[in-house]
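Take a look at the structure first, then try each task before reading its solution.

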Amino acid sequence: AMEKDLNQNSPRIRKIRDNSYPPNTPTSRMNNNNQRDNHPNSPRDYNYSPSSPTARLRWRNRSNEIPAEVKRGNASNVRNLLLGDKNKYRSMWIRTCSSLWMLGGVFFIIYMGHLYIWAMVVGIQIFMAKELFFLLRRAHEERRLPGFRLLNWHFFFTAMLFVYGRILQQQLVNTVSSDRFIYKLVSGLIKYQMVICYFLYIAGFMWFILTLKKKMYKYQFGQYAWTHMILIVVFTQSSFTVANIFEGIFWFLLPAALIAMNDVAAYFFGFYFGKTPLIKLSPKKTWEGFIGASVATTISAFLFANVLGQFQWLTCPRKDLSTGWLHCDPGPLFRPEYYPLPTWIASFSPWKAISILPVQWHAFSLGLFASVIAPFGGFFASGFKRAFKIKDFGDSIPGHGGFTDRMDCQMVMAIFAYIYIQSFIVHQDYSVEMILDHISRSLGHEEQKMLYAKLGDILRHKLQGGF
Amino acid sequence: MHKENTGDAPSAHTPRVRHHRKRNTDVVAGAGKPNGSHLLVNDSSKYKSFLVRAYSTVWMIGGFALIVYLGHLYITAMVVIIQIFMARELFNLLRRTHEDKQLPGFRLLNWHFFFTAMLFVYGRILSQRLVNTVTPDKVLYRLVTSLIKYHMAICYSLYISGFVWFILTLKKKMYKYQFSQYAWTHMILIVVFTQSSFTVANIFEGIFWFLLPASLIVINDIFAYICGFFFGRTPLIKLSPKKTWEGFIGASITTMISAFLLANIMGRFLWLTCPREDLSTGWLQCDPGPLFKQETHALPGWISNWLPWKEISVLPVQWHALCLGLFASIIAPFGGFFASGFKRAFKVKDFGDSIPGHGGITDRMDCQMVMAVFAYIYHQSFVVPQSLSVDKLLNQIITNLTLEEQQALFMKLGQVLQEKVIGS
């Protein structure tokens, strides 16, 4: 999260050890990243490359801030303090710039629509997977296993086919229903989707076994397990995100905005009131920041939901893969209900009644989850980085680290939002949909008409015959 | 009731003898290079271990046959128990007692995730049948349907509480161990639950769809051993040095032929072919569907000159069985290779020692797991659509949907049909 790098008041034992070396030399950094490969010139070693000034700036920050905090009155510390200040503002400026770009980009994509948001999610997912695949790889072993990276991408492709095939089945069918030939092709593919994905997976499995090399078994099995874990983490949340998007952009935008809001609020509350540390894993987080952010997030959830719920572009579900404007009846959740204000308030304010969309109550629960439980995604990522002695997941975003660093809390939230929506909001005509699906897939037109006629007879009998 | 070979016993006890003989005396039985100086020692310990394995095999077969006789629910219980034992073996496998002593309650976390996975997986698979079982009782029906509606939410909350608990118990200097154990737990649960949930789904579709794949794996193992024993010469794969190409190919052919025949035999019993629609344990009567109705094919002239029969009766399901046999002989052994490679990678001799003479339960189940997943996917994709008919669907609609839902379905179906008529 954002406040990680800005709030400098935290001792980091690793960095204190660093102080015995002059900063910016390869040796000091090598001691901290002994899990990474041993070649300082590797393109993946962003901490060593002189081309990432921000990363080095942050390093200089850390190695200099600790003596400042301990308050040893040396001249060098005064110099370090000044340097520290300048660096802090410069890094804040860089982060703000990249944040604004990201924000602008997200707004633009939302304006463009569901399909483009989906493409953005897929793009983010590919970057995240790439970062994570690279993370625990060891270049030395990699060279002796040609084609091993390809295996990772094979599994990635299979997972993508499987997950998006399931989620966007209905939408895909609706898009191509006009053209008879493509419709047949697509519905055939969907019918056998599970088999196709299974065979792709088994092919990858067999390929893995056939490429097992003596003395490298442990590394290969470790990588195999790691690949599975990455794909599960990345695809669960992104597939749920996409499912939410096609349910209505509102259900994607609101949870994401709440996480961002929670981060920002936690930073500001921590900055002004932060005193008691929250958890050993993330030393900069404080209880005051946490609680202040929770309150702020739940309140803003309530308000955001009202603002966002008024746009049909955001609240209508998308039934196919088109990109045009949407018109629909958004449903009872988005119809404003008017509550008359109690008289003592009504005498102050100009409004006599407030209109509340029923969805705002649901937004409360989302806000609560976003502030209390979603931060654990961030703690998990921090713990993970400490466990494997990694500084950041990647360096794609200047000032922020990699994609996974941005998305860690979002992932937990996306899954919760999907499950919440499926359980409490969408009225599952589950069995009806399922059987209708069965009918349209397995029976021919004539048989469907026969079924229709027979069902009609039975229902009429039941209604006439009484209960 | 017929006795069937189980997935557990003679399945690979003979290859295990090969393993042991190899490990004890460095004799590659399949390649036929006897090492004369060890033969005598070989003999007595070989026969003793053979006897031990034979005993446990017989007990396993007997137990298994009894359970199949008793029915779907008992088979499911057996699967669940096997699954618990497998999970326990695998949880214990990569644990280090030194670290564990500093982390009290960490094992409990594993079982928490196990319980959550069990609730999730069996909830999804057996929800419809559970509903059918409690339909007569109104209160239970309401309770069960609401539990099912919020099933995903309940399982998610349990998972998240385990996740939060994990994070709160992270201890300094033990991060790497804890994260590795967390990942390991997830991998185990996925492997164990995917295949066992698919197995249970197959069982409730008809014991046939559980028994046939399991038997094919057993037969494949046995014939791979026999063919390798008599004709084995060229080694198959570095991971398992005792396997030979001759054994592999011979077993493939035998497995496919026996798939064809076994399907015919098993397909005649209603107890095996009928699906179970609820969680009862009584006898089953049903219309098994077009797959199990005999079709007679006239034999071509040149064969019928030799043989006394003029035509053969084939159940359509036998063609499906051929596919299952093909998979069981060619791809399922890779499950065994994976397990071998895994044991070498982590320098483990066996996954456990629950079964005397055989090793652990995971050792028995490695190929079965791959087969169970395939059997489920095959069944869902190719068998279910074929066996649907207007009457069957109508039956499903009447039994599974409430009156309001039936009316809703009727209206929606009418709309869909109208749109098609107008559109085309």
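**Exercise 1: The interface**

Find how much area is buried between chain A and chain B, and what kind of atoms give it. In this predicted model, the area buried between the two chains is about 6,700 Å². Carbon and sulfur atoms give 82% of that area.

Next, look at who takes part. A:Tyr198, A:Phe380 and A:Tyr452 supply 10% of the area that chain A buries against chain B, more than any other three residues. The contact takes 68 residues from chain A and 65 residues from chain B.

**Exercise 2: Polar links and helices**

Step 1: the rule finds 0 salt bridges between chain A and chain B.

Step 2: there are 2 residue pairs in polar contact between these chains, both at pLDDT 80 or more.

Step 3: several helices of chain A each supply at least two residues of the side that touches chain B, including H11, H12 (217–247) and H21 (445–465). The most comes from H21(A), with 14 residues.

**Exercise 3: A nonpolar patch**

Locate the nonpolar surface patch on chain A and decide how exposed its tyrosine is.

Step 1: A:Phe157, A:Leu161, A:Leu185, A:Leu189, A:Tyr192 and A:Ile196 make a patch of about 520 Å².

Step 2: helices H8 (148–167) and H10 (180–191) of chain A each supply at least two of the patch residues.

Step 3: A:Tyr192 sits in the loop between H10 and H11 (193–210) of chain A. A:Tyr192 counts as partly exposed because its relative accessibility is 30%.

Terms used:
Residues are numbered from 1 along each chain as its sequence is written. Chains are lettered from A and ligands numbered from 1 in the order in which they are written. This is a predicted model: local features need pLDDT of at least 70, side-chain atom pairs count only at pLDDT 80 or more; totals for chains, interfaces and linings use all residues. Side-chain values use heavy atoms; hydrogens and water are left out. Patches are made of residues with over 30% relative accessible area and no salt bridge: like charges are joined within 9 Å, nonpolar side chains (Val, Leu, Ile, Met, Phe, Trp, Tyr) within 5 Å. Accessible areas come from the Shrake-Rupley method with a 1.4 Å probe; for residues, only the protein chains shown count as cover. A salt bridge is a side-chain nitrogen of Lys or Arg within 4 Å of a carboxyl oxygen of Asp or Glu. Helices (H or I, at least four residues) and strands (E, at least two) are DSSP runs, numbered from the N terminus. Buried means under 20% relative accessible area, exposed over 50%, partly exposed in between (1.4 Å probe, protein chains only). Contact means heavy atoms within 4.5 Å. Buried area is the accessible area (1.4 Å probe) that two parts lose on being put together, summed over both. A polar contact is a pair of N or O atoms within 3.5 Å; within protein, one must be able to donate a hydrogen and the other to accept it, and residues adjacent in sequence count only if both atoms are side-chain atoms.
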